[in-house]
Amino acid sequence: MARINLDHIRHAYSPKAKAAGDYALKEVHHEWADGGAYALLGPSGCGKTTLLNIISGLIHPSDGRILFDGVDVTALSTEARNIAQVFQFPVVYDTMTVYDNLAFPLRNRHVPEADVDRRVKEILEMTDLAGMAGRRAQGLTADQKQKISLGRGLVRSDVNAILFDEPLTVIDPHMKWVLRSQLKRLHRQSGFTMVYVTHDQTEALTFADKVVVMYDGEIVQIGTPAELFERPSHTFVGYFIGSPGMNFMPAAVNGSTAVVGEQTIALNGAPTLAKGARIELGIRPEFVRLGREGMPVTITKVEDTGRQKIVRTQFCGHPLSIVAPEDTEIPSEARVTFDPQAIGIYADSWRVGQEG
Ligand SMILES: Nc1ncnc2c1ncn2[C@@H]1O[C@H](COP(=O)(O)OP(=O)(O)OP(=O)(O)O)[C@@H](O)[C@H]1O
């Protein structure tokens, strides 16, 4: 297990890169805790795999260093970094049995056979493969083979970190849920440093203690699931986390009030704003109260999810989504109020502090 330091890392696939936009990964400078469970979350092309491959050693970064427990491993191969990896698609030996596939990484390192047996049996249980331990991998479904790959990633107990690159893509939805919960439990039991790449927010939020949200080659926030929900640092985090995502509207700020269209909205404090910045007011749909009091909205659609209502409205010419309790009565002349505590002010997409 190791603490991972990403020391001023940047990466461009073209050697001619100069401008920030030429870098697939813009500067990353962070320390990830020993034993942490991190999810790299973001849309396709944002740089998740590039960052993971820099940690594993498959890619040598254009700039910066990577350290495991304070030791510079930038020049070391994947093997020398002593990490386990699980990829999107299964990597198994077809002619070996399920048991031997799982035992392989241990036997390769001359682990005593009694320990191999104990560990492989634990992993067989965990991945729900115990019933097919003696079967050859050849002929198993993609789903079953991927469970073997996951098991092989988890079987060693002496690795510095385990890296997962969208490992549940080929797993069926029910098993996905089971494996996700098992991985979380295994992380708690084992204390491995784990880094898990996904573009699925549910996967990231259930697995990770800390979610690393990436957008356009940049880490825009590292936070607990609650922090990402309550205080998104960047408008992208607001959109991407939550369902529906956060509402954002162009606004002007005057002391401790914001003006959206013709409405004046009370804030929790007075944000400090740079001149000329593009200002937006952000509020999560869960913190907009729908009723007969407050500012007028026009309802465009009501979606009933069974547990709650998602009410789509127009507010001062801007779309505004509201999550309302299932038993909410929808008034014919609907109005809304915003909880000032839940309002965020964003300047050029980044959240600004509000002084009380
Ligand atoms: N080998 C390569 N050569 C040139 N450009 C690349 C290479 N690999 C990735 N890129 C580019 O780098 C950027 C980041 O890609 P990366 O694969 O890291 O993103 P990602 O977030 O993992 O996406 P996905 O979820 O689709 O795998 C993209 O613009 C991609 O086109």
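What follows zooms in on strand β22 and then steps back to the rest of the chain.

Analyst: First, some ground rules. This is a predicted model, where local features need pLDDT of at least 70 and side-chain atom pairs count only at pLDDT 80 or more, while totals for chains, interfaces and linings use all residues. Residues are numbered from 1 along each chain as its sequence is written.

Strand β17 (288-291) runs antiparallel to β22, joined by four bridges, and Leu290 has Val336 as its bridge partner. Strand β18 (295-296) also runs antiparallel to β22, with two bridges; here Pro296 stands opposite Arg335. Strands count as paired if DSSP finds at least two bridges between them.

Further along, Ser349 lies in the loop between β23 (344-347) and β24 (350-352). Its phi is positive, near 80 degrees, though Ser349 isn't a glycine. Most residues other than glycine have a negative phi, and most peptide bonds are trans. Ser349 counts as partly exposed because it has 17 C-beta neighbours inside 10 Å (20 or more would be buried, 12 or fewer exposed, with C-beta atoms placed from the backbone).

Asp128 is another non-glycine with a positive phi, about 65 degrees, in the loop between α4 (113-126) and α5 (142-154). With 15 such neighbours inside 10 Å, Asp128 is partly exposed too.

Stepping back, the protein splits into domain 1 (4-236) and domain 2 (245-355), with bounds from an automatic or database domain assignment. Their C-alpha centres lie 37 Å apart. Five residues of domain 1 and nine of domain 2 make the contact, meaning C-beta atoms, placed from the backbone, within 7 Å. The loop between α9 (235-240) and β11 (247-250) holds Pro244, and the Ser243 to Pro244 peptide bond is cis, with omega near -5 degrees.

Finally, the ligand: its surroundings include Tyr13, Gly42, Lys48, Thr49 and His199, where near means a C-beta atom, placed from the backbone, within 6 Å.

Key
Contact = placed C-beta atoms within 7 Å.
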